[in-house]
Each structure stands twice: as C-alpha cells, then as structure tokens.
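We will go from stop to stop.

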Amino acid sequence: MKLALAALLPALAAAVSSSPSVTIDAGTVQGGQCEGGQNAVFYKAIPFAEPPVKELRFEPPKAYKNKFSQGTLNATVSALTCIQFSDDFTEKKLNTSALSSEDCLYLDIWAPSTATKDSKLPVKVWVYGGSETEGSISDPLYDGCNTAQAGSILVSVNYRLGPLGFMALQSAGIYGNQGIQDIIMGLEWVQDNIAAFGGDPRKVLLFGQSAGAENVYVIGSLPQAPSLVNGIISESGGGRSLVANSTQQQVGASFAQKLKCSSSDKACLQSKTVSDLYIAYPADTFLTQGIGYYGGGSLSVLSQGTHNFYPYVDGNVIDEDPYNRGVQVPTVFGSNSDEAIVYTLQWATESGQLPTISLYKDFLRKNFGKAASLVGKYYLPSLFESEAKALIEASSAFAEIGYNTTSLEVLLAMTKVITDSTYRCPAWYGAAQATSNNISAWAYEFAHSPTCSWLYTIDESEVSYFSGAHTAEIPFVFGNLDNSYLPNGTCNSTSAEWALGSQMMSLWTAMADNAEPSTSEIDWPLFQTQGTNLTTPGLIFENSTISSTIDYTGCDLWVEVNAILSASNATATTTPTRASSSPTSSPSTQFNGATTLLSKTQSYLAFSVILMGLAAL
C-alpha cells in the first residue's frame, strides 16, 4: 500500500500542477477543464461576498475581503444554491446535487483554455430567472463550457431569493432589494478581478432571462450602470414597473407575523431557522391575495400591487422606478413568440377547470383590478373565434375532454393576455423608452420550434408543440443543445439548430465586445418604431436568424393599463409616476388582442394531446 501511494503521489502532483489556476488578491483559484472536449476551463464557487447569515441576514451583501485558506481555493465544485422558495429547482427533479444554503453568494467563471491576463476578452455576466423565488448558477442548463470555447468569458452570479433576497420592512430596519445588491456586488467583483481570468472589465455584458431579465433591466437603469457594464440583454422580462413600496412593506409585515415576530424586531427575524422560513412561506396567505395573483400563481400577471417578494423603489439602491427612468446603457430587449403556453398548459392540466367566460372575467379582475374592463375590451374571447374553430377541426380530442369553441377562445385570450402584458409588450416599452432617451436599443423575437427538450417538465415527445415557449431560447444562447444534462436526456439537435445557436452566441458576444450586437455575418438593425402600428426592425430567431419587422401592435395599451394600476394603488404617493419621455399612454391604433395571435396552432394542439393523457390516468 505504501509503495502504491508513493507511486501515485507524483501523478497527483502533476495533475494538480497542470490544472488551470488564476491568482487574485484573495489567493490562487484552482479550476478544472471542461470535459466535453471543449477548449475551455472553469472556476466554480468563488466567494464575492461574506455569507449573509445570522446578523447579515436581510442585510446588503458585505464584500469578501478575506484570503483563501492556505492561499488556495479549490474551485472545481459547484456552490450550494441559495435557499429556494419554490420546488422546481430540486435534486429530485434535475438529477443534480442541488443542495441549498444561506451561504450561497458565489460566482462561477468559464474561460477559453488559452486565456491569459492579457487576453482582454469580452465578458458575459448571467443572471438566472425563476420568479425571484428559485434558480441557481449550478443549473446545468447554464453551463458555460460552450460559451467559453466560442471565445468569451462567462460569469454566472448567485443571488438571494424570496424573503431572503427581497424582504422589505422599514420598521425593522430591513430595506429590501438584497438580491439586486448581490448582483451589483458580483459586477463590482468582476470589475476588480476579471482581467486575471482573461476578461476585459470595459467589455461586460449583463444578460438575464425572466426575473433575471427584470433584474438586469433594474440594474441597467441605475446611475452607476455605465461604470459596471457595457450593455444589457433582457430576455423575456425587462420593461415592467416594479412593485410599490407600500405593497412591499405589507408583504414584509405579513411574513414577520407568520414567523411570530414583531414588525420592528429584526433580531427575531434573523434568529429564525431556514425550516421556519420554509414553513411560513406557503402558510402566508397574504401572498395569494391582491391584484396580480390568479390560478395558483400560474396565470398571475405581476404589477405594482402584487403581494410578492420583488424589487421595489427603496429610495436608496433603487431611487427611481426603471419604468420611468429607463436603461442608461445600450440594451437588447426580446421575447419569445408564445411565452405563456407553458403557463396556460400548466393551469389547464393541474386545475382541471374548463375555461369559461365567467372564469375569464375573474382572471381579468384579479390580475388587473380597475383596468380589467379595458383589457377585456381589447382581448375579447370572441376575437379568437376563427383560431378556436381551426383547433376544433384539427383535433377531435378537444371535444372528448369537454373543450368547445368558447372554452378555447377563452384559453387563447388568456394566453395572449399573459404573453403581451408580461413579455412581448414590456420588451417594446423598454426599447421605445431607451430610444426616446437617446440610448441605443434593439429588439428580437425567438420563434423556433426546438427538436430537443431543454426542461425536465417538457417530455421529448411533446417538445415540438412548444415553439417559442418561455425559456426556449436559453439553450441556444449558451450553445447547450446537447440535453444530456437532463435526466435520461439523449436528444440530438439538428445542424441548423447548432448553427442558430452559434449565431445567437456570436450576437450576444458582440454586444459585450462593442455595446452593439451586430456581427460580420448579421446586421442587427436599431429599434425604431415605424408608423401607428408600432412595428420596428429587429431580428427573428426561427429556423435561422432573419432580419425582419417585429409587430408590437397594440402594446401602447399596456402603458395605459399600468397607469390605471399605478393610480389605483393604495398609496399613490409612494408609487412613481410615468415620466413625460416615456412612450405614449393611450393606444394609437384600433387594436384587438387577436391581431397578432400566433399563426401556428401546434402549441395549442398540445393541449388536446396532453389533457387526453391526463384524463386517462
């Protein structure tokens, strides 16, 4: 045994010496080599802030200023995820060791194997989505080996979630936006350290999806944004108003009550165990009340009055609603063609309810309050009659499970309302707002029908129905089109899809490199609203990248809806008003919600297939 060990030691020493390493102020970061044949290396779980535990819980992050133990950090193992407040990102479902902890403020870095401190490569900083309640840099969907091989640095930043990341209770000296501050501190760490890994701190792109897109939109609106990032890409989420201060205070007070703490007792709140938080969160019925909550959350449309742990204007970190100020750096705003299919399908399969006109009115009332009648006027279910009839004719299964033309009209109307209000039209608003402030902006729509599943919740046999669904662009942005990261994932994407992914990665890299997303192959036209129909030049990502016109017809309706919701909020004095430079607040066209309905019916035919399967169980 001694002889075997003696023989092994030189080999171990050689392996350690050959592994990638980078030296920063805290010490030497010892990384690993990507295993998929890529010419790329990684450095995982690098601390950028002190553990936000005990007296640091609910506090702004405190920068990590320590030295690594014995001068070296083993950066080959993923960090623990931040505490999750929904059940989508779990070890059981993702087949990963997704263990969670409050001690989670770490970042991961991927770089080309040849990168040196003199390389000055463009840097892309990723912010994951998940409704501000879930998500992690250790999600294998966000692996950066392919991104690094393509020639850029990828940084992925963990940030706190749910009440730990967004609880505000000024009476207890808790001011909220902890998660936003975590991301900002991660960006400050990048500015100070990324050159050592081969990156250029002057060429930093901040990009995120869904709630991550909202977070990068918020950070892009801050006065210090130009000193932190070169540009922003907001994928399906940026362009919305934040939750009102008064709402956030009520949410915080309710949660404190569930934890059996006084609303002025920070020490009590900091003393509670993670188990206490897990018990209190689903028990807090206040989170299921208020404008913007419906269908168990799956059909909710967040607004200023929604009872949710979310970013808000605190007067310090965020001193003005980004909906009013707009981004301060060049930004790409985009959405997917059928974002809400994942939500309406989830609701239809889990609730077992038949969509009716009465249910639709309830959906509008609970999501839009005093603006419900205005939304209903432009999204009348009857406007979707021809599409509903086409679906009935295409599949007899709808009739077998109880769906008729009316119920499908309602389903289509609900889907379009969520897609437009939450993703498509905020993208238009954010880009139009930036343009009116003389900030360069670009727009895109992702409409590709993937060959391979990218989420464990979408079966491989059903993936073709989810053309342009929420999150569908992520595998292409990261070049992760081999879904072996999924349990039993063995699907092979087509050569055309790999080409589309390569194009998208190159465009995202160009945005980091030049604060302008065009490449030598693809010219991305600037956002520019043309005429009363609110069309603009942009890119369509479908079977390939196409320079075309994106139709934002009727999106100015949602500016008026936001104004109504703002005015009807309980304490209007704490809710920012719209700036005069913002896009017009009254619809400029005679609009109806069916005008831009998807021409494809495959996504909705999935309802008949999947619902029939559930009915047979």
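Select Trp 189 and Phe 197. Both are buried, where buried means under 20% relative accessible area, exposed over 50% and partly exposed in between, with a 1.4 Å probe and protein chains only. This is a predicted model, in which local features need pLDDT of at least 70, side-chain atom pairs count only at pLDDT 80 or more, and totals for chains, interfaces and linings use all residues. Residues are numbered from 1 along each chain as its sequence is written, and side-chain values use heavy atoms, leaving out hydrogens and water.

Next, select Tyr 379 and Trp 558. How far apart are the centres of their rings? The centres are 5.7 Å apart and the planes meet at 50°, so the pair is tilted. (Rings of Phe, Tyr and Trp, the last by its six-membered ring, pair if their centres lie within 6.5 Å; planes under 30 degrees apart are stacked, over 60 edge-to-face, the rest tilted.) Tyr 379 lies in the loop between α14 (372-378) and α15 (385-394), and Trp 558 in helix α20 (residues 557-568), so the pair ties together parts 179 residues apart in sequence. Helices (H or I, at least four residues) and strands (E, at least two) are DSSP runs, numbered from the N terminus. Tyr 379 is buried, at 0% relative accessible area. Trp 558 is buried too, at 9%.

In total the structure holds 28 aromatic pairs. Now select Phe 85, Phe 255, Tyr 278, Tyr 281 and Phe 309: they form one aromatic cluster.

Switch to the cartoon view for the sheet. It is open and has 11 strands, in the order β3-β4-β6-β8-β7-β11-β12-β13-β14-β15-β16, with mixed pairing. Two strands pair if DSSP finds at least two bridges between them. Which strands are at the edges? They are β3 (32-33) and β16 (545-551), each pairing on one side only.

Zoom in on β6 (residues 106-112) and β8 (residues 153-157). They run antiparallel, joined by 4 bridges. Pick Leu 107: its bridge partner in β8 is Val 157.

Select helix α17 (residues 405-436). It lies across β13 (331-336), β14 (441-446) and β16, running at about 165° to β13. Axes are lines fitted to C-alpha atoms, for helices over the stretch in contact (heavy atoms within 4.5 Å), and angles run from 0 to 180 degrees between N-to-C directions.

Last, colour by pLDDT, the predictor's confidence in each residue, from 0 to 100. The chain averages 87, and 86% of the residues score at least 70. Over residues 89-97 the pLDDT is below 50. Residues 570-581 also stay under 50. Where pLDDT is low, the predicted coordinates should not be read in detail.
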